[in-house]
Structure formats: C-alpha cells, structure tokens
Amino acid sequence: MTDRVGARDLLRRVLDEGAWTSWDVPPAGEPPPASAYAEDLAAARERSGCDEAVLTGESLLRGRRVAFVVSEFRFLAGSIGLATADRIVAAVGRATAEGLPLLAAPCSGGTRMQEGTAAFVQMARITAAVMAHRAAGLPYLVYLRHPTTGGVFASWGSLGHVTAAEPGALIGFLGPRVYEGLHGEPFPPGVQVAENLAAKGLLDAVVAIDDLAGVASAALDVLCGRPPAAPAPSPPPAGVPPEGTAWDSIERSRRPDRPGVRELLRFGAADVTPLSGTGQGEAEPGLLLALARFGAAPCVLVGQDRRGQRGGHPLGPAGLRVARRGMRLAAELGLPLVTVVDTPGAVLSAEAEEGGLAGEIARCLADLITLPAPTLCLLLGEGTGGAALALLPADRVLVARHAWLSPLPPEGASLIVHRTPARAGEMAEAQGVRSADLLRGGLADVLVDERPDAADEPEAFCRRAAAAVERGLSGLAPTGPAARQARYRPGS
C-alpha cells in the first residue's frame with residue numbers, strides 16, 4: 001500500500017532532524033479576486049496549508065547540504081501553474097549557483113488546467129533549468145510519488161541521474177481517468193505502477209519513504225565524491241604461483257562458483273546504489289550498472305554479470321545501451337568509470353541482429369574511447385568477442401590471473417582454423433589470451449592475483465581486486481582517445 005504523505009511530512013521524515021530552510025517567496029500574478037480560479041486557490045491553500053503546489057529550500061541529508069523541490073498534491077493536485085514554475089525554476093537555479101545537489105519529489109497531475117497553454121509550456125522552462133543544473137556537473141535525484149503523471153512526469157520527473165519511486169505509486173504519462181474518459185475503457189491494469197516501471201528499466205528502484213534518506217545519501221556519497229589524488233599504498237608482494245596454461249585459465253574462469261561483479265561489489269565496495277536499465281524502457285540482467293565506492297574512490301560501475309548471462313540472459317543490445325547510460329553518467333558528473341569484463345560472449349539471435357547488436361558494440365567502443373572521465377577496466381573472468389571488446393578500452397586495465405581475452409571462444413577459433421573444437425587449448429595458447437600475455441603485450445597494466453583460484457577464495461580475491469581498483473582510480477586522469485588506443489598499436 002502506498003504511504004501517501006504531504007510535502008511537509010515527507011521532508012520531516014527524510015531530512016536531518018526534520019528541519020529545513022525555505023527558499024519560497026509569495027506567489028506573484030494572482031487571479032482577479034472573486035474569480036472561480038481565485039476561489040480554487042483559496043480552497044487549496046486552506047486544505048493544504050501551503051501557498052503553492054511546491055515547497056523549495058535547503059537542508060542537511062545525513063550531514064550533507066542539499067536543495068529540494070517537493071510537490072504538495074493537496075494543492076490543486078500538485079499541478080504546475082506559472083507561479084509554481086517560477087518557484088521551481090528559481091530553486092533549481094539557486095541550487096546550481098550554490099553548487100548543491102538537488103532532490104526532486106514530484107507528486108502531480110501535470111499542468112494546471114485553469115491556466116491552460118501558458119502553464120503547459122512552463123514544463124520546457126523547468127526542463128531547461130534542470131539541464132543547466134546537470135550541465136554544471138551537479139547531481140539531480142528524483143523520487144516519484146503517488147501519483148505523478150502528465151507533463152511533470154514527461155519533464156522534470158524523468159531527468160534524474162538516479163530515479164526512484166515510492167511503492168505502489170501510480171506513474172504514467174496519461175492519467176488513467178483521462179484515458180478511460182477518452183477511450184471508454186479502463187487503462188490496462190498493472191502498467192502505470194512503480195514496480196512495473198522499475199522492472200522495465202524506467203526507474204532505478206522502488207524505495208519506501210523511510211528508506212529514502214539512506215538510499216539518497218549513499219548515492220550522493222558517490223555522485224559528489226572524487227578519488228584520492230595520490231594512489232593508495234600497495235600491499236607487500238606475495239608469492240606468485242606458476243602461470244599455468246591458457247586452457248587451465250579458461251577452465252578456471254568458467255567455474256560456476258567463480259566470483260563475479262556482484263561478489264566484487266558485495267565484498268569489496270561501499271555505498272553501492274544499483275541502477276536499473278537504460279531509463280528508457282529496457283532492462284538487461286546480463287549487465288549490472290551501479291554507483292559504488294572502492295575505499296575512498298567513488299565511481300560509476302558497468303559490469304558484465306556472469307550469473308545473469310549464464311542464467312539465460314546473454315548480453316544483448318539492451319545491455320550495451322545500459323552500459324552507455326553509465327558512460328554518460330560518468331561523463332556528466334566527472335566521475336571515474338569502472339568497467340568489468342566477464343562474458344562468454346554476446347547473444348547470437350535474430351532479435352539481437354535486428355536490435356542493432358553490432359552497432360551498439362561500436363557505439364560503446366566510441367563512447368568509451370572518447371569519454372572525458374577517467375576510465376578503468378577490470379578483466380575479471382571470461383573475455384569473449386565483441387561483448388568484451390565493448391568495455392575494454394580504458395586509461396588503466398587490471399586483469400585477474402585467470403581472466404582472458406579472445407575474439408571467439410577457443411572452441412570457435414579451433415573450429416574455424418582446424419575444423420574441430422578439439423584443439424581449443426592449442427588455439428588459446430597460440431592466440432595469446434592469458435593474463436600473462438596481455439601484460440607482456442601492454443594490453444593490461446596490473447595483475448590481480450588468484451591464490452591459486454578465485455573460486456577457492458572468493459571473499460579474499462574480491463577484496464584484493466577491490467583494493468586494486470581503488471589504487472588504480474587514485475590519481476587517475478583521463479588520457480583521451482589517442483592514448484587509449486595507443487596500447488593497441490603493434491610495437492607500442
């Protein structure tokens with residue numbers, strides 16, 4: 001059941017000590033006295049205790065100074081009129097000028113019908129203010145409340161770096177009452193519900209109000225953070241086991257109990273905020289996108305999830321579009337991007353071809369090579385084909401001892417060259433797929449050891465890998481396209 005609360009109650013339950021400083025000034029441009037609209041406004045003020053449909057101001061959230069814009073649904077269904085837009089735009093602009101992260105909590109039926117077209121076009125003005133805030137590299141978090149529909153959802157409600165919603169909230173473009181009135185039948189049930197939109201990759205999470213402060217604070221700890229300027233100290237060298245054959249590494253990387261990106265985050269990261277899908281209606285279980293912090297180093301993480309891929313969701317075009325969302329987020333906020341390569345290969349299907357798989361691999365490569373933010377790649381396990389290549393080019397590349405990189409699964413390479421998969425081990429050796437080969441060839445920079453196999457020491461290995469990521473991010477600066485591609489030049 002949705003916990004429906006007003007703007008003031010929401011602020012009391014989320015902000016430190018339930019206190020805030022208001023930025024609101026009295027609305028200008030009041031309608032003529034005794035007009036029907038003036039009476040509506042008077043009744044709304046009496047009912048809601050607010051002078052307009054939004055409250056704006058600043059406060060502390062877990063000790064961090066933040067700005068906020070919160071809708072009050074009891075004031076004319078939270079609708080946006082000219083005075084409401086003035087208040088929102090002023091608050092967003094002030095947050096930008098003062099360098100504050102901005103929390104928005106819409107709850108609205110959209111445009112204020114009493115003001116018509118003049119109010120309707122204010123959504124463009126609000127959108128411009130939000131995009132100026134984002135262009136300044138400042139976080140914008142959105143919490144969609146019940147209900148959020150119409151122009152509010154289609155403007156400032158859909159522009160968050162991170163977007164959550166309260167459980168059971170009605171969220172949609174066209175209100176169901178309007179749909180039924182226009183079409184003579186109810187809108188299909190279960191579609192415009194927060195949980196469904198999260199499953200479809202339109203929202204990042206469904207969060208209860210009393211959990212909101214913790215979730216938002218964890219996200220802001222990453223979004224507002226910066227890596228240390230100097231590298232963290234390296235641990236003392238440990239005994240290094242024999243390298244083994246390429247086929248030995250391949251078999252070890254395929255063990256079902258080998259830790260993957262989820263274990264890396266569980267054992268080695270803090271302030272983890274999973275982000276769901278592209279934000280545009282696509283979700284991909286084979287690709288994990290999250291905000292995270294490794295030690296003192298915050299990042300946007302894009303990781304291939306071995307569990308999702310092996311569980312019937314091989315990486316497809318949607319997963320690569322999720323990865324590109326992460327790249328955009330890192331670029332906009334100036335955060336380091338960490339990519340984790342661990343894939344048996346992209347999906348092979350008619351749907352993937354028609355969905356633009358090859359084009360998405362190319363666009364991932366293009367985005368990653370030209371990304372203005374620092375980039376670090378961790379080759380964690382299997383590294384097969386274009387799906388691996390899409391997340392590979394980076395300023396710094398770490399490789400686990402038994403990780404590997406190959407244009408095809410070795411069995412496929414053996415079929416092409418020898419007409420049989422039986423010589424896969426021989427092909428892997430000849431192709432130079434091992435971590436030792438990648439390090440010697442300059443395709444990787446740092447080895448993350450396994451002692452002797454990550455599957456036999458999952459927690460210790462993940463903590464070791466996380467420490468290597470922290471060291472790799474510390475002091476890391478973006479090198480640019482020329483340097484990123486130089487490592488692939490023969491003889492470099």
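Tutor: Gladly, and we begin with a term: contact means heavy atoms within 4.5 Å. Please keep in mind that this is a predicted model.

Student: Which partners does L301 touch, once its neighbours within four places in sequence are left aside?

Tutor: With those neighbours left aside, L301 is in contact with V261, L265, L288, L289, A290, F294, V338 and V340. In the largest nonpolar core, which has 95 residues, L301 is listed with L291, F294 and L379 as touching the most other members. Helix 9 (residues 209-223) gives the most to this core, with 8 residues.

Student: Which residues of helix 9 are buried?

Tutor: They are I209, L212, A213, A216, S217, A218, A219, L220, V222 and L223. Helix 9 itself has 15 residues and reaches 21 Å from its first C-alpha to its last, close to the 21 Å expected at 1.5 Å a residue.

Student: Why is A330 called buried?

Tutor: The label requires under 20% relative accessible area, and A330 has 0%, so A330 is buried. A330 lies in helix 13 (residues 317-333), and, apart from its neighbours within four places in sequence, A330 is in contact with V300, L335, P336, L337, L371 and A373.

Student: Why does T117 count as exposed?

Tutor: Exposed means over 50% relative accessible area, and T117, at 59%, therefore counts as exposed. T117 is found in helix 4 (residues 116-120), and its C-alpha atom is separated by 27 Å from that of L103, 14 residues apart along the chain.

Student: What makes the pair of D24 and R87 a salt bridge?

Tutor: The rule asks for a side-chain nitrogen of Lys or Arg within 4 Å of a carboxyl oxygen of Asp or Glu, and the side chains of D24 and R87 meet at 3.5 Å, N to O. The pair links distant parts of the chain, 63 residues apart, with D24 in the loop between strand 1 (21-22) and helix 2 (36-48), and R87 in helix 3 (residues 82-97). As for their labels, D24 has 22% relative accessibility and so counts as partly exposed, whereas R87, with 7%, is buried.

Student: How do you know that E450 and R258 form a salt bridge?

Tutor: Their closest N and O atoms are 2.8 Å apart, and the cut-off is 4 Å, so the pair qualifies as a salt bridge. This pair, too, links distant parts of the chain, 192 residues apart: E450 is in the loop between strand 16 (446-448) and helix 20, and R258 in the loop between helix 10 (246-253) and helix 11. Both E450 and R258 are buried.

Student: Why are R363 and E360 separated by about one helical turn?

Tutor: They are 3 residues apart in helix 15 (residues 357-370), which means a separation of about one helical turn. R363 and E360 also form a salt bridge, the closest N and O atoms being 3.3 Å apart. At 37% relative accessibility R363 counts as partly exposed, while E360, at 5%, counts as buried.

Student: What is the count of salt bridges by this rule?

Tutor: The count comes to 41 salt bridges, and D248, R252, R255, D257, D453 and D456 are linked in a network of them.

Note on methods
Residues numbered from 1 in each chain as written. Predicted model: local features only at pLDDT ≥ 70, side-chain atom pairs only at ≥ 80, totals over all residues. Heavy atoms only, no water. Core = buried A, V, L, I, M, F, W, Y, C linked by side-chain atoms within 4.5 Å. Buried < 20%, exposed > 50% of the residue type's maximum accessible area, 1.4 Å probe, protein only. Helix = DSSP H or I, 4+ residues; strand = E, 2+ residues; numbered from the N terminus. Expected span 1.5 Å × (residues − 1).
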